[in-house]
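Subject: Structure handover

Hello,

Here is the structure you will be taking over. Please open it first, then read my notes below.

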Amino acid sequence: MAGSPPAGSSATPTAGTPYGGAPATWPATTAPPATGPASTASPSVPGTSPWWSDALADPWRDPAAPAAVVVPGVVAAGTEPEPVTDPDAPGRPTLRHLLLIPVITALLAGTLGGALGYAFAVRGGAAGTVLGAAPAPPPALAQRKPESLAGVAERVLPSVVTVRVSSLGGTSEGSGFIASADGHVITNDHVVAGGSGKASVVFNDGSTAAATIVGQDPESDIAVIKVSRTGLRPVEFGDSDALAVGDPVLAIGSPLSLANTVTAGIVSALDRTMQAGEPGGPVRYYAAIQTDAAVNHGNSGGPLVDGAGRVVGVNSTIKSLVAEGQEAGNIGLAFAIPINQAKRVTQDIIGTGKARRTVIGAQVGGPGAGASGGVRLAAVEPSGPAAGAGLRVGDVILKLNGRPMTEPTDLIALVRKFAPGSVVTVEFRRGADRQNTSVTLAADAK
């Protein structure tokens, strides 16, 4: 109801101190009632309190004032106030705003991209610390030139194979290398000895092929097998007689069944005469190339390669410190059959199925007496090469082609190194006299 006080207020005003000001009293007289439906109250009435200058227009402050409706007057034309722009109202974007938008967007995108990149880098294990120095040009050895050891190995490895031969006692495994484009492979005799005549070959790329044994020579420890496959890459043969002590060499093969293994070393000695063989088997004589390249079981039959990638020997045997019956391993004493001898034996086997053995036509009986050493001839064949050169029983051979003789094995091994028909110089002692002669070696009649 108009003129009623708000809920909770008293219906009768009392004297007091409004808002903490001076005491105020209600007017002594009541304002005349409003006449008409829309009378306008005076802003101030004489006799009213100064605190209530608008009391006639505010029924809430003056409960005794009549209710009134204030209608705003008509504003004359041309006197309207200037329009006021609301600062919060959306306006038309300026050029500055249009330029700021892409700049802010680019900054936000860059910040987000950097944060994500850092997060991924940290998660991937790449911390903020930069490891290592700035990249430098690789050294000459790391460029793997064709004449480097890596370049030589890369060129020879496709021609090296693993040889497996089945027998009643199991499977023997060794190495070999491709000697001809039509599939001939050179290996050691002791790799294929005791086999059934059938073998298999594992190539550098892991593929396999069946192989047959063409022929073997137990005394020289050379065997030849053949695979039926085209497109093979044969090795390049070198000259084992041109080697010098200290020349770098590589031994390639499958030691302990580890295929495509390459080890490096140097030529430790030349014409190292040796006698080898298994109990009950043939006795083998070597005038071998000694090397310190690591060679182990399974390297047998693999190539010994010079610094130009040419095969100069066939890895055959090693020296070891273990007792008989124990497993031997590399101690830096490996021996290879000179390739000049192995190549000659291989050609004989391919051509005739067997190899010729070179002989001097005499038998040695033991070391010669005296400080000069040498080996004594125990027998001389009447029509053999030694007899034709004037040698007799009892003569002491001191040197063969300049190589000193100290043990009977030395003469046998060195003679077998040469091809039949080779002419060698022999220095010998007869009694107190030292003499020289030339001997034309021959092939055994077997």
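Start with strands 7 and 10. Strand 7 covers residues 248–253 and strand 10 covers residues 303–306; the two run antiparallel and are joined by three bridges. Within this pair, Val249 sits opposite Asp306 of strand 10. A helix lies against these strands too. Helix 2, residues 149–156, packs on the sheet and touches strand 7, strand 8 (261–276) and strand 10. The direction of helix 2 makes about 35° with that of strand 7. Please keep in mind that this is a predicted model.

Now the wider setting. Six strands form a closed barrel, in the order 7-8-9-12-11-10, and the pairing is antiparallel. From one strand to the next, the twist averages 50°.

Back to Asp306. Besides facing Val249, Asp306 makes a salt bridge with Arg310, with the closest N and O atoms 3.0 Å apart. Are the two partners buried or exposed? Asp306 is buried, at 8% relative accessible area. Arg310 has 34% relative accessibility, so it counts as partly exposed.

Next, helix 4. This helix spans residues 339–352, which makes 14 residues. From first C-alpha to last it reaches 19 Å, close to the 20 Å expected at 1.5 Å a residue. Which residues of helix 4 are buried? They are Ile339, Gln341, Ala342, Arg344, Val345, Thr346, Asp348 and Ile349. An α-helix has 3.6 residues a turn, so residues three or four places apart point the same way. After helix 4 comes Gly353, with a positive phi near 90°.

Asp348 also has a charged partner. Its side chain meets that of Arg356 in a salt bridge, 3.5 Å from N to O. Asp348 is at 12% relative accessibility, under the 20% cut-off, and therefore counts as buried. Arg356, at 42%, counts as partly exposed.

Glu427 forms a salt bridge with Arg434, where the closest N and O atoms are 2.7 Å apart. Glu427 counts as buried, with 17% relative accessibility. Elsewhere, a network of salt bridges links Glu219, Arg357, Arg416 and Asp444. In total, the count comes to 12 salt bridges.

Best wishes

Conventions
Residues numbered from 1 in each chain as written. Predicted model: local features only at pLDDT ≥ 70, side-chain atom pairs only at ≥ 80, totals over all residues. Heavy atoms only, no water. Salt bridge = Lys/Arg side-chain N within 4 Å of Asp/Glu carboxyl O. Buried < 20%, exposed > 50% of the residue type's maximum accessible area, 1.4 Å probe, protein only. Pairing = 2+ DSSP bridges. Helix = DSSP H or I, 4+ residues; strand = E, 2+ residues; numbered from the N terminus. Axes fitted to C-alpha atoms, helices over the stretch in contact; angles between N-to-C directions. Contact = heavy atoms within 4.5 Å. Expected span 1.5 Å × (residues − 1).
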